[in-house]
Amino acid sequence: MSHTLALCRFLAQLDYEQLPETLLARTEELYLDWLGSALASQGMHPIPLFERYAQKMGPGSGPAQVIVNGGSSAYFAALVNAAASHLVEQDDLHNSSVLHPATVVFPAALAAAQDLGKSGRELLLASVAGYEAGIRIGEFMGRSHYRIFHTTATVGTLAAAVAVGKLLGFNQEQFVNLLGSAGTQAAGLWEFLRDAADSKQLHTAKAAADGLLAAYLTADGLTGARNILEGDQGLAAGMSQDAQPSRLSAGLGSRWALLETSFKFHASCRHTHPAADALLHLMQREGLSAADMAHVQTRVHQGAIDVLGRVKVPASVHQAKFSMGTVLGLIAVHGQAGLNEFHELALSDPAVASLRDKVSMTLDPEVDDAYPQRWLGRVTVTTTDGRTLHGAIDEPKGDPGNTLSRVELADKFRRLCQFSGARTPAQADALIEKVWNLRSAASMAHWL
């Protein structure tokens, strides 16, 4: 367990003064992006179910804020906020770990920071710790893990736990026990996609809340398995066929994995984004419209087939976001695949459905070899007049090399708030400024 110990030592010794300015600024940007994703889901199924559960189990108020509806305990605030921020498919993604860190790290960290009276600086430090640990554990678990398990649910439990453990000031030994108690709770399976089930929100809700649970119990003396990651009966043994223990400790303190995290531009599963961008680029280059397309072949990595191949004809808006044909149909017919397009057109527009049925996915060796470090977009369009046209992009919009600026992130935040009506334009602008000044917040209590 040498790599696990190295990771735990790094987490225990990590200090705010070690964090470079670029890292702190990006953490604030990721925080704003997460907050917008949570606000955009206000009132949307199934989030009220999580709210009612939290209210029923109590307490009805508390020090931690449920973003869409009042206060509660840290545990239930983390639960509801994590469910809320993973619904509209606008939260971030780290490519090589295939992990959505924000939707599990920030809900747990914010809830604990409010409960413990921690500052904005302490929240940022804890969030960096959660990202750095979660991304490395996701990379350690390998590609085989993601085929069956939803990494944000499994690894996300440990990422959330680490963030809260950092707020609690854990030493190396406590982080070892914390990973054991978080890892033994890790769960989440992709089978829900076949049925358009609501489990994806349950996954992130439980990951954030169970991570917080593990941290608070560890602080009170609960012990956990010492070798939960690398052990003979640990996570990798049970959930992976290609685990790489060295990924747990690689580049600690020199490689800031958080900086590699991508923002989402389209409101859909990230696996659809490379093809969507490639098609959009091709349409603009060739002056194509949906009516010109007889067939669209997307050349993809195996992970995209594993996740998106389950959805043939989407039965819900959320399932439509995991349909390559629907996403490309929105791009081809309407020029974009945003929240409004999904909710107003994805299931009802016959032109989108017509294009959806013309889309296929084919495994491409070049694209598959690059994945998950790089998510390449490759499409081939056969036109109605017999031409064969190729589109390619190497960095989808939102990737670190093609990232969203602060201006673009602020615009996205405003759109997310407007979509749900969760905040007025003036309130949205005020929140943006608060996030850009997060480091100066003396206490996260009542921050919202």
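1. In this predicted model, the contact between helix 3 and helix 4 brings Ile47, Phe50, Glu51, Tyr53, Ala54 and Met57 of helix 3 against Phe76, Leu79, Val80, Ala83 and Ala84 of helix 4. Sorted by class, the residues of this contact comprise 10 nonpolar, no polar and one charged.

2. As for the geometry of this pair, helix 3 spans residues 47-57 and helix 4 spans residues 74-84, and the two pack at an angle of about 175 degrees with their axes 9 Å apart. Since angles over 145 degrees count as roughly antiparallel, helix 3 and helix 4 are therefore roughly antiparallel to each other.

3. Turning to the strands, strand 7 covers residues 377-383 and is mostly covered, with six of its seven residues buried. Strand 7 is joined by six bridges to strand 5, residues 293-300, and the two run antiparallel; within this pairing, Thr298 has Val379 in strand 7 as its bridge partner.

4. Strand 7 also pairs with strand 8, residues 388-393, again through six bridges and in an antiparallel arrangement. Here Val381 has Leu389 in strand 8 as its bridge partner.

Key: Residues numbered from 1 in each chain as written. Predicted model: local features only at pLDDT ≥ 70, side-chain atom pairs only at ≥ 80, totals over all residues. Heavy atoms only, no water. Axes fitted to C-alpha atoms, helices over the stretch in contact; angles between N-to-C directions. Helix = DSSP H or I, 4+ residues; strand = E, 2+ residues; numbered from the N terminus. Parallel < 35°, antiparallel > 145°, perpendicular 65-115°, else oblique. Contact = heavy atoms within 4.5 Å. Nonpolar A, V, L, I, M, F, W, Y, C, P; charged D, E, K, R; others polar. Buried < 20%, exposed > 50% of the residue type's maximum accessible area, 1.4 Å probe, protein only. Pairing = 2+ DSSP bridges.
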